[in-house]
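Here are a few friendly notes to read alongside the model. Take the points in order, and keep the 3D view open as you go.

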Amino acid sequence: MTTALDATLAHVDAHLDDSVERLKTLVAIKSISTDPAFVGEVHRAADWLAAEIGALGFSSSVRPTPGHPVVIGHDLAAAGPHVLFYAHYDVQPVDPLNLWHTDPFTATAVAGADGETQIVGRGTSDDKGQLLTFVEACRAWKAVNGSLPLKVSLIFEGEEEIGGKSLPGFLASAREELGVADIALVCDTDLWNATTPAIVTMLRGLVGEEIEITCASHDLHSGMYGNAARNPIQVLADIIASLRNPDGSVAIAGFYDDVAELPADIAALWKRLPYDEAAFLRGAGLTTPAGEAGRSVLEQTRSRPSCEINGISGGYTGDGFKTVIPARASAKISFRLVSGMDPVKIRAAFRRHVEDRLPPDATVSFREHGGSPAVSVPADGPFLNRAAAALAEEWGNEAALIGSGGSIPVAGDFKRQLGLDTLLIGFAREDDRIHSPNEKYNLSSFHKGIRSWVRILAAFAAA
């Protein structure tokens, strides 16, 4: 006998092409949150999403914030548990455009090296494709059964890629509306590998800093002032070089004071998981691990703090050549934090590190680009166990319980503002090139992601 679950999964399969077309439509909206030139596009994406979920029977609205809007939807007609699903609709800039093989805002199906179909375009993986896996699962439940199997609320953010500054305040103001859910669900994470699903139980935090070094009052002729004038690019380079010790560890005083070793049971679990360090690096065109000596790649990317230089600018960088000593040089530097580390403390330690290394005639200014602590969520409990079982049923492999190298502040916000624990379940792959040219989302990730959420909603409703 065909069950409601079987019929809903069959509907997903039969209408996958329609789901892909909706993904293409959403990708075409240039919702780049960091660039003021695209404010209108960000709002257009919010309006599109509100209309889509409204057409599915959700009460939907676009809510203003001090920054970009939040989209809220509710379908509370069913009995049973109440889930709050989160994803973000904003995307990163596409630069450098010349490295894209296709138009970044035209989702294009291409064949990957392994023969699998990939959907290439900005936001296909991070996070529009992931967002739509849940929406399409709800669509299938509604189409087949006329209703969802449990209560569902939706929250779609437009500022995740710029630190989500407006979200904590919004959640605080909407506590009575959203805090009544039983569990939060986030789809902005990875599979363990192409055939193994994962539930993230640890997230690293983030501190973002921009520094600008100023020396002379104006740009100088390098022939007239060379050697005699302090060069801010050199000062900046020296400071950046001082951030790491010879063994690859971060050299900022006190950086590791609050860093604990990975718990023994989690370390043992990770060792049992299939993981190919060489393949991970090879996927990025690399061969040799960097970072802390004596630490595995898996440790360094999932459970250890990091310091990375994300951008440097200064002087003349246009075509041709200009013999100038610039007056200013700047860099953007980020720190990924693990449980126990205080973003305020790390920011202050970094700034002291920089200030202590300024030579005469050099000054520094700092600009904060967000900060959030690491988050740990319970690695057990009824919702997690049911989700893990549903994922195993869909993928044929046991779900891995893992830490994530990325930072998803909303999980902490849900706990602090709404009192909700969060399950982080995503279907991206490590080679999806998120934030980079030629970002992609495998069609199988999109398809099985939809099917996975169908199963998870059924598992929660059956409790």
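How many helices and strands does the protein have? Keep in mind that this is a predicted model.

1. **Overall build.** The count is 15 helices and 18 strands. The radius of gyration is 23 Å, close to the 23 Å that the globule rule gives for 463 residues, so the protein is as compact as a globular protein of that length. Along the principal axes, the C-alpha trace spans about 85 × 50 × 50 Å.

2. Of the 463 residues, 51% are buried. The protein exposes about 20000 Å², and carbon and sulfur atoms supply 52% of that area. If you look at contacts with a separation of 6 or more, 78% of them are between residues 24 or more positions apart.

3. **Charges.** There are 40 positive and 58 negative side chains. The centres of these two sets lie 1 Å apart.

4. **The nonpolar cores.** The largest nonpolar core holds 63 residues, and the members touching the most others are Phe134, Phe156, Leu423, Trp453 and Phe460. A second, separate core has 33 residues, including Ile155, Leu167, Ala174 and Leu420.

5. **A buried glutamine.** Is Gln300 buried or exposed? Gln300 has 14% relative accessibility, which is under the 20% cut-off, so this residue counts as buried. Gln300 lies in helix 11, residues 297-302. Beyond residues up to four places away in sequence, Gln300 touches Arg204, Ala290, Gly291, Glu292 and Arg295.

6. **Two cis peptide bonds.** One joins Asp95 and Pro96, with omega about -5°. Pro96 sits in the loop between strand 3 (82-88) and strand 4 (108-111). Another cis peptide bond joins Asp126 and Asp127, where omega is about 10°. Asp127 belongs to the loop between strand 5 (117-120) and helix 4 (128-145).

7. **Positive phi without glycine.** Asn227 is not a glycine, yet its phi is positive, near 80°. Look for Asn227 in the loop between helix 7 (222-225) and helix 8 (232-241); at 87% relative accessibility, Asn227 counts as exposed. His435 also has a positive phi, about 70°, although it is not a glycine. You will find His435 in the loop between strand 17 (422-425) and strand 18 (440-442). With a relative accessible area of 39%, His435 is partly exposed.

Conventions. Residues are numbered from 1 along each chain as its sequence is written. Side-chain values use heavy atoms; hydrogens and water are left out. Helices (H or I, at least four residues) and strands (E, at least two) are DSSP runs, numbered from the N terminus. The radius of gyration is taken over C-alpha atoms; the globule rule is 2.2 Å times the number of residues to the power 0.38. Buried means under 20% relative accessible area, exposed over 50%, partly exposed in between (1.4 Å probe, protein chains only). Contact means heavy atoms within 4.5 Å. Accessible areas come from the Shrake-Rupley method with a 1.4 Å probe; for residues, only the protein chains shown count as cover. Lys and Arg count as positive and Asp and Glu as negative; His and the chain ends are not counted. The place of a charge is taken as NZ of Lys, CZ of Arg, CG of Asp or CD of Glu. A nonpolar core is a set of buried Ala, Val, Leu, Ile, Met, Phe, Trp, Tyr and Cys residues joined through side-chain atoms within 4.5 Å.
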